[in-house]
Amino acid sequence: MNSRPHSLTLRLALLFALLAFASLITLGVCLYRELERELIRRDDAALVTRVDQLRTFLNDSNTLDLIKSKPALFQNMLGNRESLLMIGAPGQKPLLVVNPGNLDMPTLSPVTMDHPLVLTDVQHFPGVDGVPFAALAATIDSGDLGSLQVVAGRLMTERTSVLANYRLRVYILASIAALLLALCGYLLLYRGLRPLRRLAAHAQGIGVGNLTERLDSHGAPLEVLPMIDAFNGVLDRLATGFIQLGQVSTDMAHELRTPINNLLGETQVALQQSRSVEAYQQLLASNVEELERLARMLDNMLFLARTDPASALRQRQELDAADEMERMADYFEGLAADAGISIKAHGSGVIWAEPMLLRRALANLCANAIKYGAPDSELVVSATPSSDGISLRVSNQGATIAPQHLPKLFERFYRVDESRERSAQSNGLGLSIVATIMQLHSGRYGVTSENGETCFELFFPGRVLER
Ligand SMILES: Nc1ncnc2c1ncn2[C@@H]1O[C@H](COP(=O)(O)OP(=O)(O)OP(=O)(O)O)[C@@H](O)[C@H]1O
Ligand SMILES: [Mg+2]
C-alpha cells in the first residue's frame with residue numbers, strides 16, 4: 001500500500017474549519033427557524049387584528065355606504081400591492097374587492113360571528129413564486145345588510161426577503177468564521193509542533209561522532225516525552241552496541257596482527273636464501289598450524305556476528321538432558337582418552353534449547369576441560385533439573401583459576417595464561433560464544449574454581465517460565 005505522508009497541521013486545521021462550519025450552520029438554522037416562526041406569528045397577528053377591526057368597523061351601516069360610494073378610500077388604506085381584501089354577501093357580487101396585485105382569491109371557510117378570531121384561524125398557502133400567502137375569512141354581522149363575509153389576505157414578500165437575507169448572512173458569516181478558525185488552528189498547531197521540529201533537527205545532528213548526545217526533553221510537550229525517552233533509549237543501546245563493536249574490531253585486529261606478522265616474518269626469512277626441502281616443509285607445517293588457528297578464530301568470530309537471535313529462539317526444542325550428556329561424553333571420548341582423562345556423564349530432565357547452539361556451548365566447555373584439565377583426572381558432565389529450568393555442569397580437575405580472572409573468563413579473547421596467547425590452541429573465544437548462546441536463551445552462566453576443581457554451570461530456563 002502506498003501511503004503518502006500527510007500534514008497533521010493541515011488535516012487538523014481543515015477539521016477545525018469543518019467542525020466550526022457545521023456548528024455555526026446548525027446554530028444559524030436554529031436561530032433562522034426561531035425568527036421565521038416569530039415573523040409568521042406577527043404577520044398572522046396583524047391579519048387577525050385587521051379582520052377584527054373590520055368586524056367592529058362594518059357593524060355600522062354608514063360605513064357600508066361609505067364603502068360602496070368610495071371604495072378607493074379603502075384601497076388607499078391598505079396601501080400596497082400585496083394586500084387583498086374582499087367584502088360581500090355570500091353568493092352575491094362582492095361589495096368591495098381590493099386586489100391591486102391581482103392575487104388569486106383563495107376559497108376559505110369563514111369564522112362565524114360568535115367565534116373570536118385567533119391566530120390559528122389564519123390559513124397559509126404556497127402563494128406566488130414561492131412567496132407564502134396568508135389569508136383569513138370571517139363572517140360579519142352588519143345590521144340591515146345581514147350577514148357579510150370578509151376575506152383579508154397578504155402576500156409575505158417582505159418577510160420572505162428578510163428571511164432570505166438572513167439565510168445568506170448566516171452562510172457568509174459561518175464560512176468566514178470557519179476560514180478564520182482554520183487559519184488560527186493552522187497557526188496554533190504550527191506553533192505547537194515547534195518542539196517536534198526542534199527535536200527532529202537535534203536528532204538529525206546526532207551521528208557516529210556524537211553518539212553520547214541525547215535529545216533534550218526540556219520545554220517539550222508532555223505528549224512528546226515518551227517519544228524522547230524512547231529515542232534516547234535507542235541511542236543508549238546503539239552507543240553500547242557501537243562501543244562493543246568497536247572493541248571487537250580492535251580486539252580482532254590485535255589478535256590477527258601477531259599470527260599474520262609471524263607468518264610474514266618467517267616466510268620472508270625463508271625466502272632470503274634457498275633452503276633444504278626439510279626446512280621448507282617445516283616452515284609450511286608451522287604456517288599451516290598458524291593458518292588453522294586463524295581459520296578457527298574467523299569461524300568463531302563469524303558465528304558470534306551472524307547468530308540471529310530470532311531464528312535461534314524459534315528453533316528451540318525440548319531435549320532430553322540424559323541423551324545430550326551422553327552425546328557429549330561419546331563425542332569427546334577419544335580426545336579425552338588422549339589426554340588421559342575419563343568422562344562421566346549423568347543427569348535427567350528436559351532442556352528447552354536450540355540443539356545446535358546447546359551442543360556448541362557444551363562442546364566448548366568440554367574442549368576447555370580437556371585442554372586445561374589435569375592428566376589422569378575425571379571430567380564430569382551433569383544435568384540437574386529444578387522447578388524453573390535445568391542446570392548443566394561441566395567440571396574438571398586442574399589448576400585452580402585465580403578469583404580475579406573468573407569474572408573476565410567469558411570476555412572475548414580473554415585468556416588466563418598470557419603465555420598461551422600465541423598457542424595454536426587458544427584464541428580466548430570459546431567462553432564468549434558460550435556466553436552469547438546463554439544470553440540468547442535468556443539463561444544464566446557462571447564458573448567456580450576451588451581446590452583444583454573448576455566447574456562451569458549453565459542454567460536454561462524451562463519452557464513454561466519462558467512464556
Ligand atoms: N576448564 C578450565 N580450566 C582452567 N582454565 C580454563 C578452563 N576453561 C577456560 N579456562 C581459561 O579461560 C580462558 C578462556 O577460555 P576460552 O574457551 O574462552 O578460550 P580458549 O580456550 O583459550 O580458546 P578457544 O577460543 O580455542 O576456546 C582460557 O584461555 C583458560 O585460561
Ligand atoms: Mg576454549
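Mentor: Begin with the term "near": a residue is near a molecule or strand if its C-beta atom, placed from the backbone, lies within 6 Å of it. This is a predicted model, in which local features need pLDDT of at least 70 and side-chain atom pairs count only at pLDDT 80 or more, while totals for chains, interfaces and linings use all residues. Residues are numbered from 1 along each chain as its sequence is written, and chains are lettered from A and ligands numbered from 1 in the order in which they are written.

Trainee: Which residues come nearest to ligand 1?

Mentor: Asn-368, Val-416, Asn-427, Gly-430 and Leu-431 do, out of 20 residues around the ligand. Helices (H or I, at least four residues) and strands (E, at least two) are DSSP runs, numbered from the N terminus. Two or more shell residues come from each of helix H10 (355–372) and helix H11 (430–440); H10 gives the largest share, four residues.

Trainee: What is the strand order of the open sheet?

Mentor: Strands pair if DSSP finds at least two bridges between them. Here five strands run in the order E7-E9-E10-E12-E11, with mixed pairing. Strand E7 (342–347) and strand E11 (444–450) are at the edges with a single partner strand each, so one side of each has no neighbour in the sheet.

Trainee: In which sense do E11 and E12 pair?

Mentor: E11 and strand E12 (residues 453–461) are antiparallel, over seven bridges. Glu-450 stands opposite Glu-453 in E12.
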